[in-house]
Amino acid sequence: MKKYLLLLVTLMTALVLVACKNGADDKIVIKYAAWNLGPVNDNNIERRMIKAYEEKNPDVRVEIIERPRIVDEEGNESDATWDAFFNAQAAIQDMPDVFQVDNVVKAVQNEWVSDVYEYAKDDVDFNKIPENIRNAALYNDKLFALPQALFYMGYFINRTVINEKSPSGSITPVYGMTYPELMDAAKKNARAPITGGDGVVGIDGMNELALWLSAQQNDTFDWYTYTEGEGYNLDSDEFKNAMIEQQKYFGATYAEHSAYVLESTNVRYQKTGDEFWNPNTRFGDGDKFEIGSQAIKWGGSYNLRNWLGATVDPNTTLPGLFEADIDFIGTPAVEVEGVKYHKIPVVIDYIGVGQGTDHPEIAYDFAKWMGFGVDGYLKRLEIAEEFPQAGAVNFAPIVQDETLVDAYFELYPTLVEFKKIVNNHQDFIIESLAKTVPGFVQSRWEGRYDENRNIAAMLDLIRDGEVNLEDVIGNINDLANQYYLEAKAEFEDKIN
């Protein structure tokens, strides 16, 4: 009898182990890792999207690999870094089937991601994405990551500040206006302080100016003059002209613009020590846009989640935005010899299918659901409307589909200028090149120019008028391309 009991227990134990391995059912298991899932108890929009996918696909179970929390010596908790998390998962051979990709180049080199081009190339939704966005992670017909979220870079406007706080003759900027028109609006919308801290900033964002303004003037340029597969063009007339424009607000002529450009105001205060030019004295403490003291603000559309929430929340921690009428216009157009150029920078977040997954087609379908897919995005909007506590949808549709766009902007009806961009705009500047271009960090920031200075420091010195552009820009361009070509060759060896 004991033998039979022992045999029965052994068989039941084996069955339990098999059941555990298969998830206690016959479902296909897709393991998922992401940095935007939040605590389990919050049940945010991302976790609800996963649940909705399981309901839509009852033969699939999504198993979340939770990122561990790290406790420091003082007892403070924080998430483990993404690299540390992935290295740990690789060490125990428990990699996800689908995961958010913070750097596509690194993920390819570490053999973390699969090529999904065979699934994407004939995907109707994928092919509705503007070409340079859908191909940003495409290398030699190998697609190693999909767009999960798309954020636009450019200028926000606060119509309430412009209409109520700015001087008479103020101008409300709109999508499609030219760069000179935007700067004219910034000048006319600024207001000097009457009493302490009640001035109005005309504009900021001059720190980024040369990096996108140069790309506006050349069809082949991306952010920082990058040309796909070729490298950088920092010695081009387009970049030189853009840098000369940027120097106006930091170099010898900064004072001419300090009444309406925040960076120039700050430079003037730093150089003169005159408390009147202290940005906090002029406009108030804190972020000038968030305290309701700025007409035009540089930033990314990901800010809309918090800023739009603040406009309708009387208990907001950003009271300067409560009941404000804000919108987003992207970057302005430029005219060169009678030809109008208009490209808008974008930041892309990526999602990838893990290398070695047993279910690549289902993994692709789930990645699409959590990112660019039409069905998934409609569900995301539905969840946001039904469960506002789960969080707002912080990115506009990636697919240019009228149904999606209309549904998104029904939730945010004041964004009339932003809707024009999402609905119609086709020409973009990829700002997030550090994720997809080999060697970008070295070419843009960390690469050594000489023993004491890196490339980023040299560009700042040019911007501030302390180093002559013509004396050094050729050398900087050569170094940037050297770092790029070396990294590109290593990367191509890997993918080939």
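Reader: In this predicted model, where a residue is called buried when its relative accessible area is under 20%, which are the buried residues of helix H11?

Author: The helix in question, H11, spans residues 262–272, and its buried residues pack against H12. Just after H11 comes Gly273, which takes a positive phi of about 70 degrees. Within the helix itself, the buried residues are Leu262, Glu263, Ser264, Thr265 and Val267.

Reader: Where is Lys288 found, and what does it contact beyond its neighbours within four places in sequence?

Author: Lys288 is found in the loop that runs between helix H12 (279–283) and strand E9 (296–300). Once its neighbours within four places in sequence are left aside, the residues in contact with Lys288 are Val201, Leu262, Pro279, Asn280, Phe283, Ser293 and Gln294.

Reader: Which is the nearest side chain of opposite charge to the buried Lys288, and how far away is that side chain?

Author: A salt bridge requires a side-chain nitrogen of Lys or Arg within 4 Å of a carboxyl oxygen of Asp or Glu, and Lys288, although buried, has none. The side chain of Lys288 does make a polar contact, at 2.6 Å, with the side chain of Asn280. The nearest side chain of opposite charge is 5.6 Å away and belongs to Asp285.

Reader: How do helices H10 and H19 pack, and which classes of residue make up their contact?

Author: Two packed helices are described by the angle between their axes and by the distance between those axes. For H10 (residues 237–247) and H19 (residues 455–463), the angle is about 60 degrees and the axes are 9 Å apart. On the H10 side the contact is made by Phe239, Met243, Gln246 and Gln247, while H19 brings Leu459, Ile462 and Arg463. Sorted by class, the residues in this contact are four nonpolar, two polar and one charged.

Reader: What phi does Asn43 have, and is Asn43 buried, partly exposed or exposed?

Author: Most residues other than glycine have a negative phi. Asn43, which is found in the loop between strand E1 (28–33) and helix H2 (45–56), has instead a positive phi of about 45 degrees although it is not a glycine. With a relative accessible area of 30%, Asn43 is partly exposed.

Reader: Where does Glu323 lie, and what is its relative accessible area?

Author: Glu323 lies in the loop between helix H13 (304–312) and strand E10 (326–330). Its phi is positive, near 65 degrees, in a residue other than glycine. Glu323 is exposed, and its relative accessible area is 60%.

Technical notes: Residues are numbered from 1 along each chain as its sequence is written. This is a predicted model: local features need pLDDT of at least 70, side-chain atom pairs count only at pLDDT 80 or more; totals for chains, interfaces and linings use all residues. Side-chain values use heavy atoms; hydrogens and water are left out. Helices (H or I, at least four residues) and strands (E, at least two) are DSSP runs, numbered from the N terminus. Buried means under 20% relative accessible area, exposed over 50%, partly exposed in between (1.4 Å probe, protein chains only). Lys and Arg count as positive and Asp and Glu as negative; His and the chain ends are not counted. A polar contact is a pair of N or O atoms within 3.5 Å; within protein, one must be able to donate a hydrogen and the other to accept it, and residues adjacent in sequence count only if both atoms are side-chain atoms. Contact means heavy atoms within 4.5 Å. Axes are lines fitted to C-alpha atoms, for helices over the stretch in contact, and angles run from 0 to 180 degrees between N-to-C directions. Ala, Val, Leu, Ile, Met, Phe, Trp, Tyr, Cys and Pro count as nonpolar, Asp, Glu, Lys and Arg as charged, and the others, Gly among them, as polar.
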